[in-house]
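Me: I have a protein model open and would like to go through it with you. Could we take it one piece at a time?

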Amino acid sequence: MSTLTTSFLPPLEKENSLSVYTTTRRRGHSKKSQSIVPVARLFGPSIFEASKLKVLFLGVDEKKHPAKLPRTYTLTHSDITCKLTLAVSQTINNSQLEGWYNRLQRDEVVAEWKKVKGKMSLHVHCHISGDHFLLDFVARLRYYIFCKELPVVLKAFVHGDGNLLKNYPELEEALVWVYFHSNIQEFNKVDCWGPLKEASSLSSTTTNSSSSELGEIQMDNTSNCNLDLPQPCQGSCTCCFPSTRKI
């Protein structure tokens with residue numbers, strides 16, 4: 001797996017500064033074949049391999065619904081072992097992000113469960129560029145790689161926290177919102193990927209394109225879901241949780 005030069009965790013962009021693209025990705029026949037040449041990958045093969053996933057449970061209870069106890073995911077990858085490490089905890093597991101290599105790579109994905117106005121949703125965050133000119137230089141490539149590999153990331157969440165989903169199967173119908181954080185407006189956006197069950201089952205294919213172009217990811221059908229990014233209540237309430245963002 002090739003590597004990407006990156007910078008360390010800057011403050012995430014404010015949600016209201018992100019462009020919201022309410023599109024879902026679903027299985028089906030693609031209307032038009034599009035291609036990409038991914039010259040690097042963030043999480044190795046596009047096929048999820050459970051044997052390469054290490055899961056750490058830190059201060060969470062699989063019997064506790066994430067609408068009652070904060071629950072976040074921190075997923076990192078090792079180029080040396082080609083293995084994924086998933087931490088399930090109440091806040092980001094910062095120990096996974098320490099060290100010069102992780103600060104350089106910035107290929108982690110973090111996520112949190114949120115209840116907004118009574119509805120559960122999973123909010124996933126990817127760092128595309130910012131605070132380093134090399135990140136800006138490869139921003140387009142990083143954006144395409146994250147899009148291509150996100151189904152693998154979501155499968156890791158589903159597999160690693162499988163007991164939670166067995167205890168609360170309705171969470172598989174929760175919408176997945178993906179935040180792409182970038183100092184380049186084109187890539188600074190929020191996408192709706194549809195229900196977790198569907199988003200984690202997506203597949204993307206790649207074919208070669210000309211060496212002068214990066215190309216595009218071929219996704220299986222995209223369609224407008226006509227949904228707005230859920231916004232929590234302004235005052236104190238019981239229909240939103242957690243009251244403060246953990247990421």
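Predicted model: local features only at pLDDT ≥ 70, side-chain atom pairs only at ≥ 80, totals over all residues.

Me: Which cysteine sulfur is nearest to that of Cys233, and how far away is it?

Reply: The nearest one belongs to Cys239, at 3.5 Å, and Cys233 is in no disulfide, because a pair of cysteine sulfur atoms has to lie within 2.5 Å to count as one.

Me: How many disulfides does the structure hold, then?

Reply: The structure holds zero disulfides. Cys126, for example, is in none, and the nearest cysteine sulfur, which is that of Cys147, lies 8.0 Å away.

Me: Is Cys126 buried or exposed?

Reply: Cys126 has a relative accessible area of 1%, so Cys126 is buried, given that the cut-off for buried is under 20%.

Me: Changing topic to the strands, how many residues of β7 are buried?

Reply: Strand β7 covers residues 119-127, and eight of its nine residues are buried, which leaves the strand mostly covered.

Me: Which way does β7 run against β6, and how many bridges join them?

Reply: Strand β6, residues 109-116, runs antiparallel to β7, and eight bridges join the two. Along this pairing, Lys114 stands opposite Ser121 in β7. The two strands form a hairpin with two residues between them, where Lys117 takes a positive phi near 50°.

Me: Now the inside: which residues have the most contacts within the largest nonpolar core?

Reply: That core has 41 residues, and those with the most contacts inside it are Tyr73, Trp113, Leu122, Val124, Phe157, Val176 and Phe180. Several helices and strands each supply at least two of its residues, among them β6, β7, β8 and α4.

Me: Which element gives the largest share of this core?

Reply: The largest share comes from α3, with 11 residues. There is also a second, separate core of five residues, which includes Trp177, Tyr179, Val190 and Cys192.

Me: Going back to Val176, what does it touch, leaving out residues up to four places away in sequence?

Reply: Val176 touches Leu122 and Val124, and its other contacts include Leu154, Trp193, Pro195 and Ala199. Leu122 and Val124 are themselves, like Val176, among the residues with the most contacts inside the largest core.

Technical notes
Residues numbered from 1 in each chain as written. Heavy atoms only, no water. Buried < 20%, exposed > 50% of the residue type's maximum accessible area, 1.4 Å probe, protein only. Helix = DSSP H or I, 4+ residues; strand = E, 2+ residues; numbered from the N terminus. Pairing = 2+ DSSP bridges. Core = buried A, V, L, I, M, F, W, Y, C linked by side-chain atoms within 4.5 Å. Contact = heavy atoms within 4.5 Å.
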